[in-house]
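Colleague: I would like to learn how to read a model of this kind. Please take me through the features one at a time.

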Amino acid sequence: MAAPYTAPTMHILLLEDDRTLAAAVLAYLHTKHYQVDWADSLAQARPLIGVNHYWAVLLDLNLPDGDGLDLCKELRASPRHRHLPLLMLSARGEPTDRIVGLEVGADDYLPKPFNPRELLARIHAVLRRRPAQEAPGAPAKEAQTVTFGPFEFDLALRRL
C-alpha cells in the first residue's frame, strides 16, 4: 500500500529585528503549520538563504546592519533566488515607500502594524503566484532560455 500524500511543510524565512514582533509572527505561523526560520540581521539571513530552500521570505526594511531593499535587489539579481517570493514588512508605510519596495522586486508590501490574518493571506497569495516548478523540492525544469549574441531570452518569463 502506498504511503498517503503529505503536503510539504512550507519553509519561510522571517527577517525581522523587532524581537517582540518576530516572536508573535513565529508563533502565529507555527499554528498554521509553517516552518519559520528567524534572522534579525542581514548577516544572519544571507547564510540561511544560501543553504535553505525557502518558499518565501518575509523581509523587514530597517535592519541594524543595512537596508532590506539591498537584500531584495541581491535576491532578484541571483539566478537561484530571482523567483523567490518576497513580502516586505516595514514601518515605512507611505505610498512612496511601498512603491519603491515593489519596484525593487518585492512581490507584496505590508506596512506595520498588521493583522496576522492579513499577513497569512498575503503569504498565501504570493505562494499561489509562484510557479509549481519553482517550489523547493520540485523537479528541476529544463532551462527555457535562448541565447543569441549578447542577448538571452527567457521563454517562461517572456523577458529579454
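Modeller: Start with a definition: a salt bridge is a side-chain nitrogen of Lys or Arg within 4 Å of a carboxyl oxygen of Asp or Glu. Keep in mind that this is a predicted model. Under that rule, E16, D60 and K112 are linked in a network of salt bridges.

Colleague: How many salt bridges does the rule give?

Modeller: The general idea is that side chains of opposite charge can pair when their charged atoms come close. Here the count is eight. One of them joins R92 and D67, with 3.3 Å from N to O. That pair links distant parts of the chain, 25 residues apart: R92 sits in the loop between β6 and α4 (95-104), and D67 in strand β5 (residues 66-67).

Colleague: Which residue forms a salt bridge with D107?

Modeller: R76 does, and the closest N and O atoms are 2.8 Å apart. This pair also links distant parts of the chain: D107 belongs to the loop between α4 and β7, R76 to helix α3 (residues 68-77), and 31 residues separate them. D107 is partly exposed, at 35% relative accessibility.

Colleague: What separates R122 and E118 along helix α5?

Modeller: About one helical turn, because the two residues are four apart in helix α5. R122 is partly exposed at 23% relative accessibility, and E118 is partly exposed at 33%.

Colleague: Now the fold. What is the order of the strands in the open sheet?

Modeller: In general, strands of a sheet pair through backbone hydrogen bonds, either parallel or antiparallel. In this model five strands form an open sheet in the order β2-β1-β3-β6-β7, and the pairing is parallel. β2 (34-39) and β7 (108-111) are the edge strands, each pairing on one side only. On average, neighbouring strands of the sheet are turned by 20° against each other, direction ignored.

Colleague: How many bridges join β3 to β6?

Modeller: Four, between residues 56-60 of β3 and residues 86-90 of β6, with the two strands running parallel. As an example, L58 has L87 in β6 as its bridge partner.

Colleague: Which helices pack on the sheet?

Modeller: Helix α1 (residues 19-31) packs on the sheet and touches β1 (10-15), β2 and β3; its direction makes about 165° with that of β2. Helix α5 (residues 116-129) also packs on the sheet, touching β1, β2, β3, β6 and β7, and its direction makes about 175° with that of β7.

Conventions:
Residues are numbered from 1 along each chain as its sequence is written. This is a predicted model: local features need pLDDT of at least 70, side-chain atom pairs count only at pLDDT 80 or more; totals for chains, interfaces and linings use all residues. Side-chain values use heavy atoms; hydrogens and water are left out. Two strands pair if DSSP finds at least two bridges between them. Axes are lines fitted to C-alpha atoms, for helices over the stretch in contact, and angles run from 0 to 180 degrees between N-to-C directions. Contact means heavy atoms within 4.5 Å. Buried means under 20% relative accessible area, exposed over 50%, partly exposed in between (1.4 Å probe, protein chains only).
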